[in-house]
Amino acid sequence: MAKLSVTLEGAILQEIPINKPRITIGRRPTNDVVLNHLAISGEHAVISTGTGNSNDSFLEDRNSTNGTQVNGQPIKRHFLQNGDIITLAKYQLKFETDTLNQTAGQGGKVKSNEPQAPAEVKHALIKVLNGSNAGKQLVLSKELTTLGTPGVQVATISRIQNQYLIRHVEGEKSALVNERAIGKNALELKQGDVIDLSGTRLMFSYS
């Protein structure tokens, strides 16, 4: 399970487990993580885990007054990775995930599994099926790829090990996968899935 470690001037204030689909951060007492500082907005940022897996977490700035930074860079939306440092005013929140698979051994003790060779990454691509760019391909080599037209319809495809997850980000209506709306939660893409996004039809496949 992932967690957030909240620090102020080097002192750890609290540790919060990422144990539900949505974790809100802000100055209001109704937030999951309350940061009582005038530079923090009422609901400043939110961490969402659309697949139910806390290691698949996105941080989103909620149009805060003073902004959100990750590893020193301002962000609006960011796919969180182990060790990321989120800065909100004077506070720092360190995002940490489980890095070892553990199993219970005899006597109730927990021990690590034997080291295994890393799994081979399955590379994927999307191919444009219509319009002037028909036939062009985009290899999904990044951990997060943004697609669509800002202000109209935007989606992201994130790579989590050998899974590729598409998520609605912007627009009144979400993109379609095989003629069905993505909805609020991330959706795992399968070989041959057809994506309709902002007037463009795309096909997902493994390379």
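I looked up Y164 first: at 1% relative accessibility, Y164 counts as buried, a term that means under 20% relative accessible area, with exposed over 50% and partly exposed in between (1.4 Å probe, protein chains only). F204, at 0%, is buried by that rule.

I noted that this is a predicted model, in which local features need pLDDT of at least 70, side-chain atom pairs count only at pLDDT 80 or more, and totals for chains, interfaces and linings use all residues. Residues are numbered from 1 along each chain as its sequence is written, and side-chain values use heavy atoms, with hydrogens and water left out.

I then searched for aromatic pairs (Phe, Tyr and Trp rings, the six-membered one for Trp, with centres within 6.5 Å; planes under 30 degrees apart are stacked, over 60 edge-to-face, the rest tilted). The count came to four. In one of these, the ring centres of F58 and F79 lie 5.4 Å apart and the planes meet at 50 degrees, so the pair is tilted. Both residues, F58 and F79, are buried.

Y164 and F204 also form a tilted pair, with 5.6 Å between centres and 55 degrees between planes. I recorded that Y164, F204 and Y206 make up one aromatic cluster.

I turned to nonpolar cores (buried Ala, Val, Leu, Ile, Met, Phe, Trp, Tyr and Cys residues joined through side-chain atoms within 4.5 Å). The largest has 21 residues, and L35 and L93 have the most contacts inside it. A second, separate core of 17 residues includes I126, L147, I195 and L197.
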